[in-house]
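Let's take a friendly walk through the inside of a protein model, looking at its cavities and its nonpolar cores.

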Amino acid sequence: MTRTTDPVALNDWYVVGYAPDITADAPRRTRLLGQDIEVSRAPQGGFACREIGEDGGRTVPHVEERYGFVWVCLGTPAQDIIAIPEFSEGSDRRFLHRGRIAVPISGLRVIENFFDLSHFSFVHTGTLGGYGNAEVARYDVEFREDGTELWAVGCSFVQPKASAAVATQDTVVYYDYRIPRPFISIIYKDSLVERGRKDLIGLFIQPVEETSCVVHSFAFIFDRTNTDTDILHFYHEIFAQDRMILIHQHPQALPVSPLGEVPTISDASSVAYRRWVDQSGLEFSVLRNWTGDQMTRLGQVAGSGDAGVAA
Ligand SMILES: [Fe+2]
């Protein structure tokens, strides 16, 4: 596709790279919202971004470095980059860049899967869930910051191994999920190492096309025993399991019509997310009027599997 004309999508901020990966010698050529871009170190400091096109391209004025990542808005920012106050709380948490992973599915699907508790036992068996404790306990869905943020709070789940930092033993783990933008979600998970504090695990989605994205992610956690490699191995194994599910989801965009799928009580956050996305006016990666029995422009299953998605 070509660059989207969806103003809601264009006027939002997206992570397009991890700042230390973009050096003077190695700009990052990538794609955002159907538009080819190049992100580079600016001679005067900071970062620069250009749209690449047959007409010679255009300088993107809205480029910022925040939380270790480079953020770009292709339109006129409708709001600031999200605030994550924990990043200014001091350095007792460990920051880990969890890499960037291409997924041939709507970025909204990735976010929805991220806060879905019901898949833990069946997709992350032995770590985030187990067959013996598959029930999703009730939780609450809240809208905060004048409705601009969606939260699923009071979530809990019995987890055999909740993080790399803990021994394997069934433990009830408490979570809050923050969804401050349609393409961003952060878990606030009770630390089992530092009681009373929260581990943060965040996903910043770079929507490449309507049905493909790059997942940039970070962990900001309490763990004084494992190496970075140990921790990354734990997270990458989990995300590889999610990716196998995500690439087979149908339709590939996010249906927001209540007629399309039948939710259960454990899907309360998903239902709220779809309504919230619908009301936001976002069109990019969204399927409206999908009733589950027709193929539409974003409903087709890609014939090429996960090939051809550049990270
Ligand atoms: Fe998962």
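By class, how many nonpolar, polar and charged residues does the lining of the second largest cavity have? In this predicted model, that lining has four nonpolar, two polar and one charged residues. Its members are Arg98, Ile101, Val215, Ser217, Tyr235, His236 and Phe239. Strands β8 (94-103) and β14 (212-221), along with α4, each give two or more residues to this lining, and α4 has the largest share, with three.

A search of the whole structure turns up four cavities of 30 Å³ or more. Here are two of them, side by side.

In the largest cavity, 23 residues form the lining, and Phe114, Leu128, Ile187, Ile238 and Asp242 lie nearest the centre. Elements giving two or more residues to this lining include α2 (107-114), β11 (171-181) and β12 (184-190).

Now to the cores. The largest nonpolar core holds 64 residues, and Tyr177 and Tyr273 touch the most other members. Helix α4 (residues 228-246) supplies the largest share of this core, six residues. Because domain 1 (7-73) and domain 2 (85-287) both contribute residues, the core lies between them.

Leaving aside residues up to four places away in sequence, Tyr273 touches Leu108, Ile111, Glu112, Phe115, Leu150, Ile179, Pro182 and Leu254. A second, separate core has 19 residues, among them Trp71, Ile82, Phe204 and Phe218.

Key: Residues are numbered from 1 along each chain as its sequence is written. This is a predicted model: local features need pLDDT of at least 70, side-chain atom pairs count only at pLDDT 80 or more; totals for chains, interfaces and linings use all residues. Side-chain values use heavy atoms; hydrogens and water are left out. A nonpolar core is a set of buried Ala, Val, Leu, Ile, Met, Phe, Trp, Tyr and Cys residues joined through side-chain atoms within 4.5 Å. Buried means under 20% relative accessible area, exposed over 50%, partly exposed in between (1.4 Å probe, protein chains only). Helices (H or I, at least four residues) and strands (E, at least two) are DSSP runs, numbered from the N terminus. Domain bounds come from an automatic or database domain assignment. Contact means heavy atoms within 4.5 Å. On a 1 Å grid over the protein atoms alone, a cavity is a set of points where a 1.4 Å probe fits but cannot get out, and a pocket is an open set with protein on both sides within 12 Å along at least five of seven lines; lining residues have an atom within 4 Å of a point. Grid points are joined across faces, edges and corners, and a volume is the space filled by probe spheres set on the points. Ala, Val, Leu, Ile, Met, Phe, Trp, Tyr, Cys and Pro count as nonpolar, Asp, Glu, Lys and Arg as charged, and the others, Gly among them, as polar.
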